[in-house]
Every structure is written in structure tokens, then in C-alpha cells.
Amino acid sequence: MINRFKLANLRIAVIGLGYVGLPLAVEFGKKCSVLGFDVNNDRINSLKLGHDETLEVSKLEIKKSKNLDFTSNEDLLSDCNVFIVTVPTPIDKYKRPNLDPLIKASSMIGKALSRGNVVIYESTVYPGATEEDCVPVLEKISCLKFNKDFFVGYSPERINPGDKKHKLKDIKKVTSGSNKASATFIDKLYNAIITAGTYKAESIKVAEAAKVIENTQRDLNISLINELAIIFNAMNIDTESVLKAAGTKWNFLPFRPGLVGGHCIGVDPYYLTHKAQELGYHPEIILAGRRLNDGMSQFISGEFIKALANKNIKINNAKLLVLGLAFKENCPDIRNTKVVDVVTELESFNCNVDIYDPWVNSKEANASYDINIIKSLKRGSYDGVLIAVAHKEFSDMGIKKIRSLCKPTNVIYDLKYIFNAADIDLRL
């Protein structure tokens with residue numbers, strides 16, 4: 001199969017139908033036979049009806065993917081000859097990589113694996129994880145020999161949740177394989193759906209490393225701007241004004257301060273540092289950036305409390321509103337959202353905090369964080385409002401309407417620079 005690439009001969013299984021897996025399954029389903037697999041029965045039933053709760057794929061797009069079937073029955077995987085793994089790779093409470101979802105997926109695939117099959121991993125991992133952690137599981141369960149009976153590749157996901165401009169097919173795809181033939185096969189496979197083209201990396205480890213440093217670099221850049229914001233705040237200088245001035249130079253990078261959440265940026269650096277520490281090297285810059293970004297929730301809540309106190313607003317039992325729970329604007333994704341940490345900090349001051357987010361599923365918020373999202377907003381109710389996410393709905397509300405939600409004496413804290421500095425009380 002890998003020596004004679006032909007889409008008509010393929011039956012692709014996409015394991016995990018979240019923000020990454022579903023768009024992939026839909027695009028491949030327009031070209032060849034695809035089985036979309038997920039352990040969540042509710043998710044499968046919704047997709048069969050054409051509904052994607054992540055809002056990454058429309059009902060029309062799912063309908064156009066005529067060769068795509070959805071299932072939670074792992075017995076059907078044995079009919080497939082290419083397996084693409086897009087399961088989560090989280091960290092535990094000690095910031096250590098948790099490969100359990102990846103190992104479970106590998107074990108499941110191992111039961112369905114046949115000679116000549118190809119397994120491709122997309123989940124973000126540290127360099128070496130595919131060949132050192134996943135391949136042994138595939139070999140043990142399948143009783144087949146790696147690079148003789150089956151082949152493996154790594155093609156890191158680059159999905160940007162909520163981004164309607166840079167979608168799957170518009171982003172160049174890095175590919176790799178466990179030998180020359182599989183690398184060529186995998187590159188051709190992705191070229192069939194990626195309009196932007198592919199980049200064939202020299203090895204699986206190179207592809208793994210390339211992915212993990214994408215988000216590590218972004219994390220460090222944001223941590224620098226966050227630290228600058230803290231410094232400028234102490235100097236009573238508006239951070240956005242400084243960034244606008246500095247941005248007039250062509251090579252100044254346009255990063256902004258804020259909360260660093262989501263499944264990737266706040267997680268992936270720990271995969272790289274974990275591997276480095278295993279090898280006897282203790283990363284300094286990467287972990288320093290992580291500590292600073294993780295500490296922004298405490299800084300933001302502290303500044304909010306001080307601003308309330310400066311207006312003689314009683315902190316104990318203060319009524320506060322947080323606008324936004326998702327980790328980024330115009331997106332329902334609440335994975336690893338740091339807004340939760342801000343809410344926890346504010347509640348530690350005995351404040352009563354309401355959260356409003358028109359994008360987020362209230363049942364998911366409750367199940368994930370034990371948070372109840374309010375469904376409507378009442379005028380004259382709050383001592384302060386924290387604009388935590390730049391949803392379009394919030395900018396469309398306008399500052400006057402947001403002020404109308406507050407009591408006569410109030411504080412508006414705009415984390416996302418939605419409004420002009422003169423119209424709000426506090427900015428990051």
C-alpha cells in the first residue's frame with residue numbers, strides 16, 4: 001500500500017473527533033473512505049445529525065463529506081488500513097505529560113492493526129514519544145513488527161480553534177514517516193487535502209520537535225509582554241500605548257498581554273521541559289515563562305480588587321461580573337481556560353462572581369469546572385465587570401451598555417483592549 005499510493009484503496013480511521021480530528025475526518029471524507037471514531041457516544045450521535053458543538057465544521061460541510069461514517073464501535077476499526085490519532089495530550093496536576101489517552105488509542109489500534117497498515121500521530125508530544133512510547137504498544141498488542149509489518153508517521157496538528165480564516169487545508173502541514181517509503185506515502189496522503197501544501201520533515205523526531213516549539217515560542221513571547229505589562233502597570237503607563245508605539249518598527253512582534261489558556265500554548269512547553277529534564281538538563285527560560293503566564297490570574301485578580309478598594313467599594317460580598325469563559329474569542333473552547341483561575345482568586349476575597357459567555361455550553365462548563373454560566377444580564381447589578389474574553393458580542397454591546405450593568409460606583413477592567421483607555425477604569 002505504501003509503495004502504490006491510491007486514495008481509492010484507503011480506509012482511514014480518525015481516532016478522536018474533537019477540534020483537530022473532526023475537520024481532518026471531514027476533509028478526508030471528501031476524497032476517500034473514512035471512519036470517524038470517538039469514545040463519546042453523545043458526540044457521535046450529534047455528528048450523525050450533522051451537529052458539531054465545537055463549531056469548527058458546519059452541517060453542510062459534514063454533509064459534503066460523503067465517504068465519512070461516525071462510530072464509537074472499535075470493532076469497526078479492523079476494516080481500516082490507515083489510522084490517524086488526534087486524541088488529547090494533557091498534563092497532570094504536577095505539570096507532567098499525561099500520555100494515557102495516547103497509549104489507550106495505540107492499544108486499541110494495535111488490536112485492529114494488519115500487515116501493511118500505517119499509523120499517523122497528530123497529538124502534540126515531546127520528541128521521541130511516537131517511537132519510544134507508542135510503537136512498543138502497537139507491536140505488543142498487534143504482534144507485528146515495526147517498519148516491517150506496519151509503519152508509523154507523525155504529522156503535528158496545527159488547528160487554530162475558532163479561526164475561520166486559517167482552516168485545516170489553508171495551513172501548511174508538516175509530515176514525517178518511520179522510513180523513506182512511509183514518509184513519502186504520508187506526505188502524499190496529506191497533500192490530497194491540504195491546499196497550502198506539505199513540508200516533509202527529515203524524521204519523526206524532527207516533526208515532533210517542530211510542533212512542540214511552535215507553542216513554546218508563542219508562550220515565551222506572551223510571557224515577555226505579560227512581564228512588561230506588570231512593569232508598565234507599576235509605572236502607571238498604558239501598555240497598549242507602548243506596544244502601538246513600538247509596533248511602528250517593521251520587525252517588532254505584535255504580541256499582547258493576557259491569560260494563556262487553551263489545550264496547546266499553556267500545556268505543550270511542559271512536554272519539552274519534561275523530556276529535557278529526563279536528559280539531565282533543567283530548562284530555565286521556558287519554565288520561567290510558564291511560571292509568569294500561570295501567575296497572571298493572581299496578578300489580574302489582585303489589580304481588580306485594588307481598583308475596587310480605591311473606589312471605596314466593599315470587597316466582602318462585592319458583586320462582580322466576568323464576561324467570557326472560553327480561552328479565546330469567538331470560540332466555545334474552554335479547555336485549560338485561565339479565566340477559571342481568575343474567578344477562583346476573586347472568590348477567595350469572598351466576592352460573588354457571575355460568569356456570562358454566549359459561546360460556551362453551560363453543561364460543559366458545569367461538568368468541567370463546576371461553574372454555572374448565567375443566561376441573561378441585569379442592569380444595575382454589579383460593583384465591577386471584568387472583560388476577560390474579546391467575544392464580538394461584548395464589543396458590540398458597547399461600553400455604555402456594560403456600564404449600565406453596574407451600580408453607580410463601579411470598576412470596568414478590560415483585559416483585551418476592546419475599548420479605549422479613556423472609557424474604562426483598568427487595562428492590563
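Helix α1 (residues 21-29) is largely enclosed by the rest of the structure, because nine of its nine residues are buried. Buried means under 20% relative accessible area, exposed over 50%, and partly exposed in between (1.4 Å probe, protein chains only). The buried residues of α1 include L22, V26 and F28. E27 is also buried. Helices here are DSSP runs of H or I, at least four residues long, numbered from the N terminus.

This is a predicted model: local features need pLDDT of at least 70, side-chain atom pairs count only at pLDDT 80 or more, and totals for chains, interfaces and linings use all residues. Residues are numbered from 1 along each chain as its sequence is written, and side-chain values use heavy atoms, leaving out hydrogens and water.

Now turn to α7 (204-234). The axes of α7 and α10 (residues 285-294) come within 9 Å and cross at roughly 55°. Axes are lines fitted to C-alpha atoms, for helices over the stretch in contact, with angles from 0 to 180 degrees between N-to-C directions. The two helices are therefore oblique to each other. Angles under 35 degrees count as roughly parallel, over 145 as roughly antiparallel, 65 to 115 as roughly perpendicular, and the rest as oblique.

I237 counts as partly exposed because its relative accessibility is 36%.

H51 sits in another loop, between α2 (41-48) and α3 (59-64). H51 is partly exposed, at 44% relative accessible area. H51 and N221 are 170 residues apart in sequence and 36 Å apart in space, C-alpha to C-alpha.
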